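Let's take a friendly walk through this model, from its charged pairs to its aromatic rings and cores. Keep the structure open beside you as you read.

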Amino acid sequence: MDSVQVRLMREADLPSAERASAVTFFESERSTRRVSDPEIEPRSADASQQWVDRMRFFLSIDPEGCWVAIDEVAGARRTVGFAIAQNRAGLWFLATYGVLPSHQGQGVGKRLLDAALAHAGGRPGIFSSSVHPGATRRYRAADFSLHPQMRMVGVVDRSTLPVIDGLREGRADDFAWMDQLDRDLRVAGHGPDHGYMLDTLRLVVCRDPARPGYVYLDDRGRASLLAASDPATARKLLWEALASSQGPTLVNCITAPNEWAIDVGLAARLDIGQEGYIAVRGMPVPAPYLASGHFL
Ligand SMILES: CC(C)(COP(=O)(O)OP(=O)(O)OC[C@H]1O[C@@H](n2cnc3c(N)ncnc32)[C@H](O)[C@@H]1OP(=O)(O)O)[C@@H](O)C(=O)NCCC(=O)NCCS
């Protein structure tokens, strides 16, 4: 589309990029929703604010990975697409990516992804992919391998919860060994992302030096990111997440090399479903590991 300009994102773009993201994902989730899934709700005001805060953080850490597509019609400019990627040491990841439905299928997404990928400079890459046909087509064309993900849903049968020991609340002075564990599992440490997550999520760690691991939990006790040196520690951390869950819970981003998570979920009487892909290029699928959708 000739009227569309792809350029680096600026802080002033955040409100209109957020609106583009809300509309894009609402429509995409509606069109790819299975009949058994709950109705898709428009993004809440709180979730919109979280999106803006997270993107502002990414802009402050690695602005060269953040791209927008701007359309100008009759002198009025609006954001019609966005690709927010970040480099952390030797790893590139894509935090979010979308083009308004009105502008899809016209090459805008390719221009955005090409710009975000140029920033990778040959680094290995990882992100969580939707099932949207335009997205999977773009990713495979960019040489990413798509690994199907499972998810587990339901209410935990609390009679199945085992006694868990050896865990404690995590703190900022845990980040050094957590970054080392990240490097062992997924090429690079999360670096500044740990600080961002600790501000917004609960951190639980296993500090056994022979078997370290950590999990971030959201306000409903759902595991947002889990990394462990071995499956036994990973299982323990996931049980802790399930023990703190309230109401229906979700364990997301489970790839085939992470069957330990399936075993825990089944033991807690959750149900297995499928959801999207982990896309990787130049690196294996991390394990034992449950990726974060935005921080990977
Ligand atoms: C993924 C996305 C950003 C791509 O943007 P786009 O502007 O449509 O991308 P392009 O036009 O450059 O390329 C998309 C490719 O998929 C095809 N495509 C686009 N929409 C499609 C659809 N609904 N069904 C089948 N193919 C589709 C296009 O023809 C094109 O293929 P081609 O280059 O071989 O012709 C956009 O489709 C989108 O926002 N999807 C919904 C949100 C989403 O899933 N984001 C990714 C999250 S991981």
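This is a predicted model: local features need pLDDT of at least 70, side-chain atom pairs count only at pLDDT 80 or more; totals for chains, interfaces and linings use all residues.

Residues are numbered from 1 along each chain as its sequence is written, and side-chain values use heavy atoms, leaving out hydrogens and water.

Which residue forms a salt bridge with glutamate 11? The partner is arginine 56, with the closest N and O atoms 2.7 Å apart (a salt bridge is a side-chain nitrogen of Lys or Arg within 4 Å of a carboxyl oxygen of Asp or Glu). This pair links distant parts of the chain, 45 residues apart: glutamate 11 sits in the loop between strand S1 (4-8) and helix H1 (14-32), and arginine 56 in helix H2 (residues 45-61). Helices (H or I, at least four residues) and strands (E, at least two) are DSSP runs, numbered from the N terminus.

Arginine 56 also meets aspartate 53 in a salt bridge of 3.7 Å, N to O. Both lie in helix H2, 3 residues apart, about one turn of the helix. Aspartate 53 is partly exposed at 30% relative accessible area. Through shared partners, salt bridges join Glu11, Asp53 and Arg56 into one network. By this rule, the count comes to 19 salt bridges.

## Aromatic pairs

A search of the whole structure turns up 14 aromatic pairs (rings of Phe, Tyr and Trp, the last by its six-membered ring, pair if their centres lie within 6.5 Å; planes under 30 degrees apart count as stacked, over 60 as edge-to-face and the rest as tilted). One of them is the tilted pair of tryptophan 92 and phenylalanine 144, at 5.9 Å centre to centre and 35° between the planes. Tryptophan 92 lies in strand S4 (residues 91-99) and phenylalanine 144 in the loop between helix H4 (133-141) and strand S6 (145-154), so the pair ties together parts that are 52 residues apart in sequence. Tryptophan 92 is buried at 0% relative accessible area, and phenylalanine 144 is buried at 1%.

Tyrosine 97 and tyrosine 139 form a tilted pair, with 5.9 Å between centres and 45° between planes. Here strand S4 supplies tyrosine 97 and helix H4 supplies tyrosine 139, 42 residues apart. Both tyrosines are buried.

## Cores and domains

The largest nonpolar core has 66 residues, and Phe58, Trp92, Tyr214 and Tyr216 have the most contacts inside it (a nonpolar core is a set of buried Ala, Val, Leu, Ile, Met, Phe, Trp, Tyr and Cys residues joined through side-chain atoms within 4.5 Å). S4 gives the most to this core, with 7 residues. The core draws at least three residues from each of domain 1 (4-143) and domain 2 (152-275), whose bounds come from an automatic or database domain assignment.

Domain 1 and domain 2 bury about 910 Å² between them, 64% of it on carbon and sulfur atoms (buried area is the accessible area, 1.4 Å probe, that two parts lose on being put together, summed over both). Phe57, Arg88 and Leu91 supply 47% of the area that domain 1 buries against domain 2, more than any other three residues. The rule finds 1 salt bridge across this interface.

Conventions
Buried means under 20% relative accessible area, exposed over 50%, partly exposed in between (1.4 Å probe, protein chains only).
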